[in-house]
Amino acid sequence: MPISNTDLQELAKVSLDEYLRNLPVDQIAVERPFLKKLMEGRKSLLGAKQNVVENIRKEHGSNFSWAFGEETVKFNKRNTTEQASFPWRRAVDGLYIDYDRLFSNGIKVREGGARGFQLEYNERVQLINLLDEQLEVLREGFLNKLDLELHRDGSHGADALVGLDSLVSLAPDAGTVGGIDRAKASYWRNYAVKEIASTAPGSLVGEMETAWRQCIKNGGSPDFIIAGGKFIDTYRKQVTVTHIAGSGETKYIDAGVGAGVNTGLAFKGVEIIWDPQFDELDAMANRTVEWSKRCYFLNTRFMKLRDDDLDIVAPIRPHDTLAMYAMVNLRCALSISRANAHAVLAIQ
């Protein structure tokens, strides 16, 4: 029996909701490590204003001095705080399935008339199978593009999200981030070093030591490290791996350490995670330093993703097109509350 177009839209909306509603934690694949990490600490994005505002401390305003006896004590009026504003953006994706394609799969859609047509068993199986495939590719495509956009600097579009490439910049003394001019505000700069010699023994590790100390000085130890393939390969060559086994014990040496995005390599006890999206980003325009040559030291206490949960929409079809439509919306913003707690390094 046929199904009404209204019931079809509701069925599609419910199916899409089941696929995507648990997005914040459960539905993230490990091949998107940056998005996965951000989702673990995500915050709710409240409505109304256009910007996410981070209250930051730019200085202590100390008036410290030595005094003795009746020497006059000096007082000062302190202005130690600043606000950084990060505009939220809306990510959208959608699909449609035309009625003729449904008909080719044994499903007839009835336009107009009463609601409540019941599908036969074989029609329901066909419809669910068709929807499953469509909604699966919608979900995967949405997540992949969202992850890529969270990496980019936002300069490629007026409505694009400002992402990692801007917040933790390879040119940290230039540009405006969160409404604060980094050329004037030294406190609002991350640590960065590029053109690190990839062949000189120990050069990379030495630069990583310096970057790590800078991060600790300004907020504590980084808790998340992501890097590209070329950087990881260079680091592996500069690290000496020692295996100690007792007398009579079997010694295993495996040159292929790690599995998946987990490299099996670490720095200061924090594993270096390979981010496959760096290769995708290298294939795009608007980058001066290869992503595969980069490594990011991030302190996620001072970097937050905010979103308002996915909005599942079933738009009314256009008057001149016989098709079922489905769409997802997500408003989100990526912000930092301390820039100098992060670092980025890049090899030659």
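The structure is a predicted model, in which local features need pLDDT of at least 70 and side-chain atom pairs count only at pLDDT 80 or more, while totals for chains, interfaces and linings use all residues. Residues are numbered from 1 along each chain as its sequence is written, and side-chain values use heavy atoms, with hydrogens and water left out.

## The chain as a whole

The protein chain contains 8 helices and 17 strands. Both kinds of element are DSSP runs numbered from the N terminus: helices are H or I runs of at least four residues, and strands are E runs of at least two. Of the 348 residues in the chain, 42% are buried. Here, buried means under 20% relative accessible area, exposed means over 50%, and partly exposed lies in between (1.4 Å probe, protein chains only).

The accessible surface of the chain is about 19000 Å², and carbon and sulfur atoms account for 50% of this area. Such areas come from the Shrake-Rupley method with a 1.4 Å probe; for residues, only the protein chains shown count as cover. Contacts, defined by heavy atoms within 4.5 Å, can also be sorted by separation in sequence. Among those between residues at least 6 apart in sequence, 75% join residues at least 24 apart.

## Helices α2 and α4

Two packed helices are described by the angle between their axes and the distance between the axes. Helix α2 (residues 33–40) packs with helix α4 (residues 121–151) at an angle of about 85 degrees, and their axes are 9 Å apart. The axes are lines fitted to C-alpha atoms, for helices over the stretch in contact, and the angles run from 0 to 180 degrees between N-to-C directions. The two helices, α2 and α4, are therefore roughly perpendicular to each other. This description applies to angles of 65 to 115 degrees; angles under 35 degrees count as roughly parallel, over 145 as roughly antiparallel and the rest as oblique.

On the α2 side, Phe-34, Leu-35 and Leu-38 take part, and they meet Leu-143, Leu-146, Asp-147, Leu-150 and His-151 in α4. Arg-32 is located in the loop between α1 (5–20) and α2. With a relative accessibility of 3%, Arg-32 is buried. Not counting residues up to four places away in sequence, Arg-32 touches Glu-140, Leu-143, Asn-144, Asp-147 and Gln-277.

## Helix α7

The buried residues of helix α7 (residues 229–238) are Phe-231, Ile-232, Thr-234, Tyr-235 and Gln-238. These residues lie on the same side of α7, because they cover an arc of only 165 degrees around the axis. The arc is that of the directions from the helix axis to the C-beta atoms. The partners against which the buried residues of α7 pack are α6 (203–217), β10 (224–227), β11 (262–267), β12 (270–274), β13 (294–298) and β17 (343–347).

Asp-233 also belongs to helix α7, but this residue is partly exposed, at 39% relative accessible area. Its C-alpha atom is separated by 9.5 Å from that of Lys-293, 60 residues apart along the chain.

| Side chain | Partner | Distance |
|---|---|---|
| Asp-233 | Arg-236, side chain | 3.1 Å |

Ser-169 is placed in the loop between α5 (164–167) and β7 (176–177), and its relative accessibility of 13% makes it buried. Beyond its neighbours within four places in sequence, Ser-169 is in contact with Arg-182, Asn-190, Ala-192 and Val-344.

Asp-282 is part of helix α8 (residues 277–282) and is buried, with 16% relative accessible area. Asp-282 and Ser-292 are 10 residues apart in sequence, and their C-alpha atoms are 7.2 Å apart. Residues up to four places away in sequence aside, Asp-282 touches Arg-287, Glu-290, Trp-291 and Ser-292.

## Residues with positive phi

Glu-195 is not a glycine, yet its phi is positive, near 60 degrees. Glu-195 lies in strand β9 (residues 191–196) and is exposed, at 53% relative accessible area. Asp-309, likewise not a glycine, has a positive phi of about 70 degrees. Asp-309 sits in the loop between β14 (303–307) and β15 (311–313), where it is partly exposed at 36% relative accessibility.

Note on methods:
Polar contact = N/O pair within 3.5 Å; in protein donor to acceptor, adjacent residues only side chain to side chain.
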